[in-house]
Structure formats: C-alpha cells, structure tokens
Amino acid sequence: MPTDSLIEARQLVKNYDDFRAVDGVDFHVRPGECFGFLGPNGAGKSTLMKMIYCFSPRGGGELSIFGLDPDKKASEIKNRLGVVAQTDNLDEDITVTQNLQIYSGYFGFSRKQIQPKIDELLAFMSLESKAHAGIRQLSGGMKRRLVIARALLNDPDLLILDEPTTGLDPQVRHLIWAKLRELKTQGVTILLTTHYMEEAQELCDRLLVLDKGKVLSLGRPEELVKNNLHPYVLELPVAKKSEIQIPPSIQLETHGDKLFLFSDTPSELEKIALPFQGQFRIRTTGLEDLFLKLTGRDLHESE
Amino acid sequence: MSPNKIRQLPTFARMVSAIWYRHYRVYQNNFWTNSFPTVLEPLIFILAVGWGLASAVGTMDGMDYLTFIAPAQAMMAAVYTSAFEESYGTYFRMMVDHNYDAMISTPVGVNEVFWGELLYTGTKGWFFSLVVIVVLSFFGVIHSAWAVLVPFVGFFTAVAFGSLGLFAARLVKNINQFNFFITGVISPLILFSGTLFPVDKLPPVVSIVAKMLPLYYFIDVSRMLTTGRFTSDLYIAVPYLLVVPFILGAFAVNSMNKKLIQ
C-alpha cells in the first residue's frame with residue numbers, strides 16, 4: 001500500500017463471537033496530526049485501538065501501519081509506537097526510574113544508554129522530584145504522566161492514547177493536554193480515543209465519530225459542527241414544549257429532560273425564551289450537540 | 001523530537017532477557033517476604049516429619065528416612081515457587097495489574113513474555129533448591145558431591161511446573177478456582193511422585209501412572225545426585241528432564257498467545 005499516511009484503514013471489521021465491534025471503518029492518519037476517535041462507551045474505539053497496536057487481529061478489511069501489516073509485522077510496528085493504555089499498567093513494586101529502565105529494555109536499550117532520555121522525559125513531565133519514588137506514592141495524575149513519559153522512551157513515530165484523561169481532575173487534565181500539545185508542536189503524531197468533547201475539541205485536528213462500530217462522521221471538529229448543526233441552540237426544560245410556538249426555521253430535538261432548539265440567529269431563540277426567565281440557556285453549538293444529534297443518545301450512556 | 005531513523009528490532013534473546021530482568025527486579029524489591037516461606041517450608045518439613053517419622057520409619061528404600069526425603073524437599077521448593085508464581089502471579093499480572101499489556105505494547109510479543117517468565121521461574125527454582133540443599137547439608141543428609149547439580153534439576157522442575165501454572169492461569173475464571181489447581185493437581189503430583197515413599201510401594205497400576213507424572217523423574221534424579229546411588233533410570237530421566245519442561249512450556253506459551261491476542 002504506497003501511502004504517505006501513518007495508518008490506513010479500509011472497511012475494517014472486528015467480530016467477537018456474534019457481536020460486531022467494528023463494522024466497516026475507513027480512515028487514515030497523516031503524519032504530524034492529532035487524530036481522535038470519539039464515541040460513547042461500547043462504540044468500538046478501544047477495539048480499533050487494539051487492532052492498531054497489534055493486540056487484536058482484524059476480522060476483515062485492510063489495515064496498514066507505517067505501511068506494514070499488523071498481522072505479519074507486529075514487532076516492527078510496535079517498535080515505532082508509543083502506547084498509553086486505558087489503565088495505568090505500571091510495575092507497582094519498583095521505583096519510577098526502574099519502571100522506565102525496564103520498559104526501555106523491551107525496546108533493546110541498555111540502562112546506561114537510556115538514562116539521559118529518562119532524565120529528559122521526567123523533566124518534561126515535571127516528575128524529576130519523583131525519580132526514585134515508589135509508584136504507590138504517586139497521585140493518579142502523576143501515574144498518568146509517567147505512563148505517557150514511558151510511551152515516549154523510544155521516540156515513537158506515533159503516540160497512541162486510549163482515554164488519556166479519564167478519571168483525572170480538571171487541573172491534571174489541562175496539564176496533560178498542555179503536554180500533548182507540546183508534543184504535537186515537536187512533530188509527534190497522536191492518535192487518541194476519548195469520550196470527552198472538550199478533550200476532542202482541545203487536541204484533535206480531525207475526529208472520527210463512532211457509534212456501534214460504525215463511522216458516523218469524519219472531519220475537523222469545527223467543520224463537523226458547522227456542517228451538521230445551526231450555530232445557536234436554546235435549551236429548555238422538556239415540560240415547556242406545549243407552551244411554545246416553533247417556527248419552521250428552527251430545528252427541534254429532545255434529549256433526556258431537555259429540549260434543544262437550533263437556529264441560525266440568537267434573536268430568534270431569545271424571542272421564544274422570553275417567558276422562561278431563569279430556566280433557559282442560549283449558547284453556540286458544539287461537539288456535544290453534534291454527538292447527541294448523530295448518536296441520538298447521551299455520550300456517557302453505555303449499552 | 002525529529003523523525004527518527006528506524007531503530008533495529010531487539011533480538012528474541014534480548015527481549016526475553018529484558019522480561020527476565022523485569023521479574024528479577026520486581027522480585028528483588030520484596031526478596032525477604034517472598035523467599036521466607038519457600039525456605040522455611042522444607043525446613044519445617046524436615047524437622048517435623050523427618051525427626052518425628054524418621055525413627056518410626058527407620059530405613060526407606062535402603063537409606064535412612066531423612067536421606068530419602070531430603071532431595072524431594074529441594075524439588076518441592078522448586079515446585080511451590082514456580083507453580084504459585086505462574087498461576088496466582090500470572091493471574092494478577094494479567095487481570096489486575098495489566099503488566100502484560102504494558103510488555104506487549106513494545107516490540108516484545110507474547111512468546112518473549114512467557115519464555116522470559118518461564119526462564120525466570122526456572123532461575124527461582126534453581127535458587128531455592130540450592131538454598132534447600134545448602135540448609136539440608138547441615139543435617140548430614142547429603143551424601144554425594146553430585147548434589148551440586150540438584151539446583152539445575154530444580155531449574156527444569158520449575159520450568160515444567162511454571163508451565164502447568166500458566167495453563168491454570170489461562171483456564172481459571174476467577175481466583176478461587178486456583179484451589180482446584182493447587183489441591184487437585186499440585187498436591188497429588190507431589191505426594192505420588194516418590195517424595196515421602198518410593199512409588200514401588202504403590203499398587204502396580206498406580207505405580208506405573210506415578211512414574212508418568214512430571215515430577216517423578218525430577219525427584220528420582222535428585223535422589224541419585226544427593227546419595228550418589230545411580231540407577232539405570234538415569235538414561236530415561238536425563239533426556240526427560242531436558243525435554244519435557246520445554247514441551248510443556250511451548251504448549252503453555254501457545255495457550256497464553258490465544259488468551260492475550262484476541
């Protein structure tokens with residue numbers, strides 16, 4: 001497959017018994033971009049990830065990473081990847097530095113050879129003071145940063161992060177985003193999964209919106225929103241539905257206990273909202289709205 | 001980070017030794033807690049069963065009873081350390097700590113992971129049977145300089161029983177099911193393999209079965225080495241202990257491949 005893409009997937013399929021986790025997915029990842037898989041729990045994001053980092057052989061279709069077939073060249077591919085899995089799979093009984101030394105050994109580095117790189121990465125992730133700490137002494141955010149540092153030991157051509165900030169508090173999340181953006185400016189290609197809209201918006205150049213193993217939409221975040229939605233939305237309690245008149249220019253959707261009215265102008269929405277002081281919100285539309293529209297259900301709802 | 005030139009893949013041996021080193025490092029940090037029971041167990045056994053029973057039993061198979069059970073103690077140390085390490089230990093690394101996911105997201109594959117682990121468990125078998133032989137030598141139950149080779153038998157024993165542990169780790173649905181493995185597999189293997197009495201004392205059919213059990217020849221050879229009394233069994237036992245652990249290992253590694261790559 002002659003290509004300038006790092007990842008090339010065509011009609012990718014994965015079955016587990018009679019459940020189809022990935023169902024005919026097409027995409028490619030270009031060098032230097034940050035590409036995101038966005039979808040609710042059970043959308044097939046992690047399965048796609050596992051196929052890319054060679055944990056899971058594909059059930060059908062074509063997949064090439066660095067132009068190589070993961071079924072045949074798993075070691076060669078993984079030699080050039082940095083993988084940050086969903087769980088912090090560190091060795092709990094040894095120190096931060098020992099964790100990095102041992103992991104670099106899997107890539108064939110000697111401890112002496114890798115030490116400057118370890119120092120550099122600990123500094124980059126602001127973990128220098130923890131170099132000789134045990135893993136159990138680290139906070140959740142520090143562990144995550146260490147796992148990311150570990151994934152950078154081999155100067156990967158592609159950094160893969162599976163839900164990098166799930167379960168972390170907002171400060172830590174912003175710190176990790178800052179580090180990932182810094183890596184991007186250094187030219188590292190990033191592939192991540194997330195179910196946080198904010199994360200997708202902050203980091204991703206392009207997004208693949210997935211649900212039930214299928215691609216719903218693919219493109220730049222702002223384009224996806226622009227192409228699918230009006231720019232303004234009014235949120236009202238669903239009980240008010242009978243009290244309002246909806247002009248034909250307005251698009252109406254109901255999700256949970258809320259009514260969403262989409263329009264091209266805020267003034268049109270203000271007119272409708274007037275009688276409901278303190279009970280409404282008018283804002284610009286974003287990925288969250290797009291997601292609700294595409295999947296017809298809340299992001300964090302699992303099946 | 002500029003686009004780097006493509007680094008060469010590490011060799012199989014390099015990756016296996018990196019895995020070996022990981023286990024060594026992790027184990028080393030809890031060395032005394034981990035090794036205490038393995039050393040104490042045969043010591044208690046030899047004191048209690050040996051002193052208590054030895055006078056009642058008198059001689060066994062033409063030797064005093066302590067001499068008879070001493071080599072079996074070294075093998076039991078190898079069996080216990082490997083069977084537990086590769087069953088409970090593997091289960092925790094797989095299901096709780098997710099260590100294998102970390103290892104195989106590098107150039108290391110499942111084969112390297114588990115051969116490295118089996119070699120490491122073999123090393124532990126070597127070390128603990130060495131410790132047991134050294135300790136027992138103070139009791140005057142080691143009668144031949146050939147006993148220095150017993151730790152190497154311990155190595156192969158541990159690879160074999162580590163492989164059985166891996167099968168168990170692959171098969172169990174939850175941690176409680178390891179009881180079947182320890183009580184149902186490991187304990188009978190130990191009791192019926194010539195540890196406490198010669199298998200010839202068993203009914204003929206049972207005795208034939210006992211000689212086919214994986215542990216029998218390991219104990220048989222160890223006993224030849226600690227007593228210096230070699231029998232023609234040696235011609236079966238040596239090829240057996242060099243080959244069988246690695247056949248079991250190959251099946252175990254293959255089975256872990258099916259478990260981890262889905």
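Between them, chain A and chain B bury about 3,200 Å², and 54% of this area lies on carbon and sulfur atoms. On the side of chain A, the residues that lose the most area to chain B are Phe55(A), Asn79(A) and Tyr106(A), which together make up 23% of what that side buries. The model described here is a predicted one.

## The interface

In terms of residues, 37 from chain A are in contact with 32 from chain B. Between the two chains, 13 residue pairs are in polar contact, with both residues at pLDDT 80 or more. Several elements of chain A each supply at least two residues of the side that touches chain B: strand 1 (7-16), helix 2 (74-78), helix 3 (96-106) and helix 4 (111-124). Helix 3 of chain A gives the most, with five residues. By residue type, the side of chain A that touches chain B divides into 14 nonpolar, eleven polar and twelve charged residues.

Across this interface the rule finds one salt bridge. Arg22(B) and Asp91(A) form a salt bridge, with their closest N and O atoms 2.4 Å apart.

## Helix 3 of chain A

How many residues of helix 3 of chain A are buried? The helix is mostly covered, with eleven of its eleven residues buried. Among them are Val96(A), Leu100(A), Ile102(A), Tyr103(A) and Tyr106(A), as well as Gln98(A), Asn99(A) and Gln101(A). Within chain A, the buried residues of this helix pack against strand 5 (81-84), helix 4 and helix 5 (140-151). They also pack against helix 1 (12-29) and helix 4 (99-103) of chain B. Just after helix 3 of chain A, Gly108(A) takes a positive phi of about 90 degrees.

Chain A contains ten helices and 13 strands. Its C-alpha atoms fill a box of roughly 75 × 45 × 35 Å, taken along the principal axes. Of its 303 residues, 55% count as buried. Among contacts in chain A between residues at least 6 apart in sequence, 66% join residues at least 24 apart.

The largest nonpolar core has 106 residues, and those with the most contacts inside it are Ile7(A), Phe27(A), Phe37(A), Leu159(A) and Leu191(A). Apart from this core lies another, of 58 residues, which includes Leu164(B), Leu215(B), Ala237(B) and Tyr240(B). Leaving aside neighbours within four places in sequence, the contacts of Phe37(A) include Phe27(A), Leu48(A), Met49(A), Ile52(A), Leu191(A) and Leu208(A). Lys45(A), Thr193(A) and Thr194(A) are also among the contacts of Phe37(A).

Leu224(A) lies in helix 8 (residues 221-228) of chain A. Is this residue, Leu224(A), buried or exposed? Leu224(A) counts as buried because its relative accessibility is 4%, under the 20% limit for buried residues. Not counting residues up to four places away in sequence, Leu224(A) touches Leu207(A), Val209(A), Ser217(A), Leu218(A), Gly219(A) and Leu290(A). Leu224(A) and Thr193(A) are 31 residues apart in sequence and 17 Å apart in space, C-alpha to C-alpha.

## Salt bridges

A search of the whole structure finds 28 salt bridges over all chains.

| Pair | N to O distance |
|---|---|
| Arg22(B) and Asp91(A) | 2.4 Å |
| Lys124(B) and Glu85(B) | 2.5 Å |
| Arg220(A) and Glu222(A) | 3.4 Å |
| Glu8(A) and Arg10(A) | 3.8 Å |

The side chains of Lys124(B) and Glu85(B) meet in a salt bridge. Lys124(B) lies in helix 5 (residues 110-137) of chain B and Glu85(B) in helix 3 (residues 65-96) of chain B, so this pair ties together parts that are 39 residues apart in sequence. Both Lys124(B) and Glu85(B) are buried.

In the pair of Glu8(A) and Arg10(A), Glu8(A) counts as buried at 12% relative accessibility, whereas Arg10(A) counts as partly exposed at 37%. In the pair of Arg220(A) and Glu222(A), Arg220(A) is partly exposed with a relative accessible area of 36%, and Glu222(A) is partly exposed with 45%.

A network of salt bridges links Glu235(A), Lys258(A), Arg281(A), Arg283(A) and Asp289(A).

Technical notes. Residues numbered from 1 in each chain as written. Chains lettered and ligands numbered in written order. Predicted model: local features only at pLDDT ≥ 70, side-chain atom pairs only at ≥ 80, totals over all residues. Heavy atoms only, no water. Core = buried A, V, L, I, M, F, W, Y, C linked by side-chain atoms within 4.5 Å. Buried < 20%, exposed > 50% of the residue type's maximum accessible area, 1.4 Å probe, protein only. Contact = heavy atoms within 4.5 Å. Buried area = accessible area lost by both parts, 1.4 Å probe. Salt bridge = Lys/Arg side-chain N within 4 Å of Asp/Glu carboxyl O. Polar contact = N/O pair within 3.5 Å; in protein donor to acceptor, adjacent residues only side chain to side chain. Helix = DSSP H or I, 4+ residues; strand = E, 2+ residues; numbered from the N terminus. Nonpolar A, V, L, I, M, F, W, Y, C, P; charged D, E, K, R; others polar.
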